[in-house]
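Have a look at the model first, then read on.

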Amino acid sequence: MSEKYCIILGDGMADEPLAELSGMTPLEAAHTPNMDYIAREGSMGLLKTVPEGYSPGSDIANLSVLGYDPVSCYTGRGALEAASMGITLGDEDVAYRCNLVTIRNGIIEDFNAGHISSEEGAALLTSLNKHLTGMICYPGISYRNLLVLPGGKGCESTAPHDVTGQQAELYLPKGSDAEKLLKAMEISREIFADHPVNRDRIRRGKNPATSIWPWSGGKRPAIQPFSEIFGLKGGIISAVDLLNGIGTYAKMEIIKVPGATGFIDTDYQAKARYAIEALKHLDFLFIHVEAPDEAGHMGSIEEKVKAIERVDEMIGTIMSQFTGRIAVLPDHPTPIRIKTHTADPVPFAILGKEKDTTTRFSEKEGQKGKYGLLPGTSLIPLLIS
C-alpha cells in the first residue's frame, strides 16, 4: 500500500508573545498534546509562505503551502473564490471579493457585518443586483461574497480586515475599475439603509451591513492540476470559498462537511470524521480550519486559544485512525495585537520522516527545527519525498 499524506492547517494560529499569557503565544498557552506529539516525534522548521512584495493574505499563503508559486499564478482572491462558487469567469471578467461591512461615521467598524448569515447576505445582494448595471454580485458564505465585472481592468484595493477602525475614505478602490466599484458601493449604501434585513439585525442588537466592500480583484488564473505536479490524488476540506476555489482549479476533490462554518463555531470533529473517510480513497488531503484566524481578527485571546485546542482535538481524532505522514502548520500569523495578518514565517512540523530535537509545536520550537527556513512551496515536496 502506497504512503498517504495529510496536511492540517490552522489558519492564523501563529502569533506573538502576549503579556496576558505571561509572555507566551496562544500556541504555547494552548493545550495541544497532538501537535506536540507531531513535533516531538517528527521534525520542525519555519515556512515562509508569503513571497517578498506580496500582501500576507490567506490566498497567497495557502497557494504557497499547496505548492503553487503565487508569483506565477496569482491574479487576485476574487477569481479563486469564483471557482468554488461555481462561477465560470470569461477571459475579460474580473472577479472581486465583496465583503458586507459595517461603516459608521465614516469608520470601518466591522469587516464582516457582525458575521451576517448567508441567508441575510443573499437577501441584501438580491435587492442590490436589481439596481446594478454592468456587474453582478454573487452571494457566498456569510459576509464573503463576490462581485464580477465583465471587461474589468482591475484596481488597487484594500482588504477591510486590514483596516478595521480606520477611515473608509482612505482605503477606497483606486485605478481602472474604481469609478464603477465606487458607484456600486454608493448604491449599496442606499439599498441597505432601510432594508428589512438590517432593520431586523438592528432590532436584535447586531451590526447592520451598511455597504459592500469590493477588494482583491483578479482574472481566471492558470493553475496546473495537483495530480500532474505531485502524482497524487488530492482533496481539500475547508469551509471557505478561497480554499475550495484553489482546489477546484487544481482539480482536487472538494469534500463538503456538514457543520463546517468557516468561523469559531465550526464542527471540528465532523471535519475529522470526513477526513478519515476521505483518506481511504485519496493519496493526499489538505484540511483547513479558519477558526483561529477569525479569533485573531476578533482580538480574542480566549477564543484563539480555544480554537487552537479544538484543532488539536481534531488532529487527535484523525491520528487515531491514520498512519500516514502528517504535517501541521498555520498559513500566516494573525496576531491578537493587530487583529490582522503578518508575513512572518510560520512553524511547521512533519511526522513520519526523521526526528529532530524539538519538543512541542510552537513558534520558538520551529526556529530550532532541523529543516530551518524554507519557502512555502517546498512543504509538499518535503512531505512526500
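Which residues in H12 meet which residues in H13? On the H12 side they are Ala 291, Pro 292, Ala 295, Gly 296 and Met 298, and they meet Glu 303, Lys 304, Ala 307 and Val 311 in H13. Contact here means heavy atoms within 4.5 Å. By type, the residues of this contact divide into six nonpolar, one polar and two charged.

A word on ground rules. This is a predicted model, where local features need pLDDT of at least 70 and side-chain atom pairs count only at pLDDT 80 or more, while totals for chains, interfaces and linings use all residues. Residues are numbered from 1 along each chain as its sequence is written, and side-chain values use heavy atoms, with hydrogens and water left out.

Back to the helix pair: H12 (residues 291-298) and H13 (residues 301-319) pack at about 175 degrees, with axes 8 Å apart. Axes are lines fitted to C-alpha atoms, for helices over the stretch in contact, and angles run from 0 to 180 degrees between N-to-C directions. H12 and H13 are therefore roughly antiparallel, a label for angles over 145 degrees. Helices (H or I, at least four residues) and strands (E, at least two) are DSSP runs, numbered from the N terminus.

Now the open sheet. Eight strands make it up, in the order S9-S8-S10-S1-S11-S12-S2-S13, with mixed pairing; two strands pair if DSSP finds at least two bridges between them. S9 (253-254) and S13 (373-375) stand at the edges with a single partner strand each, so one side of each has no neighbour in the sheet. Helix H3 (residues 58-65) packs on this sheet, touching S1 (5-10), S2 (43-48), S10 (284-289) and S11, and its direction makes about 160 degrees with that of S10. Within the sheet, S11 (residues 325-329) and S12 (residues 346-351) run antiparallel, joined by three bridges; Val 328 has Ala 349 in S12 as its bridge partner.

What about the greasy part? The largest nonpolar core has 43 residues, and Phe 286 is one of those with the most contacts inside it. Such a core is a set of buried Ala, Val, Leu, Ile, Met, Phe, Trp, Tyr and Cys residues joined through side-chain atoms within 4.5 Å. Among the residues that Phe 286 touches are Ile 7, Leu 9, Val 65 and Leu 66. A second, separate core of 41 residues includes Leu 18 and Leu 282.

Strand S3 (residues 93-104) is mostly covered, with 10 of its 12 residues buried, meaning under 20% relative accessible area with a 1.4 Å probe, protein chains only (exposed is over 50%, partly exposed in between).

| Partner of S3 | Residues | Bridges |
|---|---|---|
| S6 | residues 144-150 | seven bridges |
| S7 | residues 211-218 | six bridges |
| S4 | residues 107-110 | three bridges |

Across these pairings, Cys 98 stands opposite Asn 145 in S6, and Arg 97 has Trp 215 in S7 as its bridge partner. The hairpin of S3 and S4 has two residues between the strands, and Asn 105 takes a positive phi near 50 degrees there.

Finally, is Lys 355 buried or exposed? At 52% relative accessibility, Lys 355 counts as exposed. Lys 355 lies in the loop between S12 and helix H14 (363-368).

Definitions and conventions
Parallel < 35°, antiparallel > 145°, perpendicular 65-115°, else oblique. Nonpolar A, V, L, I, M, F, W, Y, C, P; charged D, E, K, R; others polar. Lists of a residue's contacts leave out its neighbours within four places in sequence.
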